[in-house]
Protein chains: 2
Amino acid sequence: MDLRRDVFQAIADPTRRAILLLLSTQALTAGAIAANFDSSRPAVSKHLQILTACELVSQEQIGREVYYHLQPEKMKEVDDFIEQFRQHWEERFNQLDKVLAVMKRERGKGKK
Amino acid sequence: MDLRRDVFQAIADPTRRAILLLLSTQALTAGAIAANFDSSRPAVSKHLQILTACELVSQEQIGREVYYHLQPEKMKEVDDFIEQFRQHWEERFNQLDKVLAVMKRERGKGKK
DNA sequence: CATACTCGAAACCAAATGGTTACACAAGTC
DNA sequence: GACTTGTGTAACCATTTGGTTTCGAGTATG
């Protein structure tokens, strides 16, 4: 595995997104996480490796168990990206508002 | 090509993210987009195909040219996902604020 | 009509991805 | 010390991905 530490690549996989959501409420061990999925434990372990590599998740060893913690701050990288588009879709909303306002006026005229 | 219409998959590729940013200011033809990248035109064409399939981009044929338009609303799907984490990182900020506030108080006491 | 241009589609290829089974290793438990 | 348990790692495999070159279809332009 290449261990590409790219957040966008990391969240591209639906299983990894599910893991992140799982960890958003509580830290869990690798085994506990794997129990929530159909795929084998090593498969989940690999996903955790990828998530750890890109720092979306951190490890904490307690005895022989390894707890995985979510690092939500890292998600800001994605947020920064879509932020560049948020204004655009808000603009469109505003344009739609204008159109609706015009339609309303027109309808009002029609009624008269 | 599988034509998977998954927005997360679509923005996983850096070239595709660059294309989306390019189109955020203006609609462009396939050739004009390809001119901005090192890879060949067909490669870019494939990326556009993927972006079109998941509706991040729309096509408009004018004569023999095809203009690609950004559809920023589709990015909301990603926004909805990270929204679930935004509260978490904001929580952490608040906790940090509390810690800093306590430290400030403690320091004030020390001065006395 | 012939020619040039823009572009998508097909065929093909190397590399990356996601999965499995098998194994190794440290930490508790008897 | 022997045994079980929780994990990570290695080796391997099928599929997907991103790229290329080649071809064909449609649209101006002479």
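Which atom in the side chain of B:Ser45 lies 3.0 Å from DNA strand C, and what does it face there? An N or O atom of that side chain stands 3.0 Å from a phosphate oxygen of DNA strand C. This is a predicted model, in which local features need pLDDT of at least 70 and side-chain atom pairs count only at pLDDT 80 or more, while totals for chains, interfaces and linings use all residues. Residues are numbered from 1 along each chain as its sequence is written, chains are lettered from A and ligands numbered from 1 in the order in which they are written, and side-chain values use heavy atoms, with hydrogens and water left out.

Chain A contains five helices and three strands; helices (H or I, at least four residues) and strands (E, at least two) are DSSP runs, numbered from the N terminus. Read from that terminus, the order of elements is α-α-β-α-α-β-β-α. Strand 2 (residues 57-62) and strand 3 of chain A pair in the antiparallel sense over six bridges, pairing being defined as at least two DSSP bridges between two strands. Within this pair, A:Gln61 has A:Val66 of strand 3 as its bridge partner. Two residues lie between the strands of the hairpin, where A:Gly63 takes a positive phi near 65°. Of the 112 residues in chain A, 34% are buried, that is, under 20% relative accessible area (1.4 Å probe, protein chains only).

The two protein chains can be compared by superposition, done by least squares on the C-alpha atoms of residues with pLDDT of at least 70 in both. A rotation of 180° with 0.0 Å of shift along its axis places chain A on chain B with an RMSD of 0.1 Å. That is the relation of a two-fold axis. The residue of chain A that comes closest to the axis is A:Ala12, with its C-alpha at 3.0 Å. Because 100% of the interface residues of chain A are also interface residues in chain B, the copies meet through the same surface.

Around DNA strand C there are 26 residues, of which A:Ser40, A:Lys46, A:His47, A:Gly63 and B:Tyr68 come nearest; a residue is near a strand if one of its heavy atoms lies within 4 Å of it. Sugar or phosphate supplies 61% of the atoms of DNA strand C within 4 Å of the protein, and bases supply the rest. The surface near DNA strand C receives its greatest contribution, five residues, from helix 4 of chain B.

Sugar and phosphate make up 59% of the atoms of DNA strand D that come within 4 Å of the protein. Here helix 4 of chain A gives the most to the surface, with five residues. Phosphate oxygens of DNA strand D lie 2.8 Å from a backbone N or O atom of A:Gly31 and 2.4 Å from a polar side-chain atom of B:Ser40. On the base side, an N or O atom in the side chain of B:Arg64 is 3.4 Å from a base oxygen of DNA strand D.

Conventions
A polar contact is a pair of N or O atoms within 3.5 Å; within protein, one must be able to donate a hydrogen and the other to accept it, and residues adjacent in sequence count only if both atoms are side-chain atoms. Contact means heavy atoms within 4.5 Å. Buried means under 20% relative accessible area, exposed over 50%, partly exposed in between (1.4 Å probe, protein chains only).
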